[in-house]
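I opened the notebook to look up side-chain interactions, one group at a time. The entries follow in the order I made them.

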Amino acid sequence: MTESINLNNTIYFVSLILFYWMLINLVSQNYPASSDSGETRQQLAIRNGESTPLLDRSELQALRDVDPDFIAEDFLSYAANTYEIVIAAFTKGDLDTLRPLLDATVLATFEHEIQSRQSRHERLEFMLVNEPSPTILDVVVERGSVDVTMLFSSETVQCTRSADGTIIDGDQKKIVHVHHTWTFSRQLSSPDQSWLVVSTA
């Protein structure tokens, strides 16, 4: 009799444990563990390697409401291409290429850096190892303009050489992972106006 009771108790407890184990698994599948709350949206984009818009639907919809022709995929391609052109022009000191792509403030900063580098007779070498992975981080629509903040993640090789060719900064043999945050802006009053880079970081 006692053995029968013990056996029933054992079966009961084993069944109870299996039930709770199945319940925990079910909950974990339906509600994945959230990311560390300390991570910013930009850090999440970097960690996940995302190359699609990191936005709520409402933010993209707000942009489409004021600019029905906006297509996120086309903008990502345009922004990545502009990023590569600007980086290459800055490296070469090509202000003519930079002028139509940058707003006055960013252009002045780039021009100052280029002139300073040239006055020291230094040469910047910068090579993109892979195509930049663009992510839309934020969209702001106000006062007749729209600002789109982008994250560009890429691998680069870069160094600066002095007048005699000595490397004084960077490493021509080292691949560096870089993450740049740029903001593109456009006035909505003119559908033909192109996007300008209004901030870089």
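Is Phe-184 buried or exposed? I looked this up before anything else. Phe-184 is buried, with a relative accessible area of 0%. I note that this is a predicted model.

**Aromatic rings**

I searched for ring pairs and found ten aromatic pairs in the structure. One of them joins Tyr-78 and Phe-184, edge-to-face, with 6.4 Å centre to centre and 65° between the planes. This pair links distant parts of the chain: Tyr-78 is in helix 4 (residues 72-92) and Phe-184 in strand 5, 106 residues apart. Tyr-78 is partly exposed at 29% relative accessible area.

I then checked Phe-152 against Phe-184. Their ring centres are 6.3 Å apart and their planes stand at 65°, so I logged the pair as edge-to-face. Here too the pair links distant parts of the chain, with Phe-152 in strand 3 and Phe-184 in strand 5, 32 residues apart. Phe-152 is buried, with a relative accessible area of 0%.

I traced the cluster next. Phe-70, Phe-75, Tyr-78, Tyr-83, Phe-152, Trp-182, Phe-184 and Trp-195 form one aromatic cluster.

**Charges over rings**

I looked for charged ends above ring faces. The charged end of Arg-186 sits over the ring of Trp-195, 5.5 Å from the ring centre. Arg-117 lies over the face of Phe-90, 5.0 Å from the ring centre.

Phe-90 also came up in a distance check with Glu-111. The two are 21 residues apart in sequence and 8.6 Å apart in space, C-alpha to C-alpha. I placed Glu-111 in helix 6 (residues 104-119). Glu-111 is partly exposed, at 26% relative accessibility.

**Salt bridges**

How many salt bridges does a search of the whole structure find? I got four.

I began with Asp-96 and Arg-99, whose side chains meet at 2.7 Å, N to O. Asp-96 counts as exposed at 62% relative accessibility. Arg-99 is partly exposed, at 39%.

Arg-120 and Glu-122 form another salt bridge, at 3.1 Å, N to O. Arg-120 counts as partly exposed at 46%.

Arg-161 and Glu-125 meet at 2.8 Å, N to O. This bridge links distant parts of the chain: Arg-161 is in strand 3 (residues 145-161), Glu-125 in strand 1 (residues 123-128), and the two are 36 residues apart. I checked both for accessibility. Arg-161 is buried at 13%, whereas Glu-125 is partly exposed at 25%. Through shared partners, salt bridges join Arg-123, Glu-125 and Arg-161 into one network.

**Two serines**

I placed Ser-185 in strand 5 (residues 176-187). Ser-185 counts as buried, at 14% relative accessibility. Which residue does the side chain of Ser-185 join in a polar contact of 2.6 Å? I found the side chain of Asp-147 there. Leaving out residues up to four places away in sequence, Ser-185 touches Val-146, Asp-147, Ser-194, Trp-195, Leu-196 and Val-198.

I placed Ser-162 in the loop between strand 3 and strand 4 (167-170). Ser-162 is buried, with a relative accessible area of 15%. The side chain of Ser-162 makes a polar contact of 2.4 Å with the side chain of Asp-164. Beyond residues up to four places away in sequence, Ser-162 touches His-121, Glu-122 and Ile-168.

Technical notes. Residues numbered from 1 in each chain as written. Predicted model: local features only at pLDDT ≥ 70, side-chain atom pairs only at ≥ 80, totals over all residues. Heavy atoms only, no water. Buried < 20%, exposed > 50% of the residue type's maximum accessible area, 1.4 Å probe, protein only. Helix = DSSP H or I, 4+ residues; strand = E, 2+ residues; numbered from the N terminus. Polar contact = N/O pair within 3.5 Å; in protein donor to acceptor, adjacent residues only side chain to side chain. Contact = heavy atoms within 4.5 Å. Phe/Tyr/Trp six-rings, centres within 6.5 Å; stacked < 30°, edge-to-face > 60°. Lys NZ or Arg CZ within 6 Å of the ring centre and 35° of its normal.
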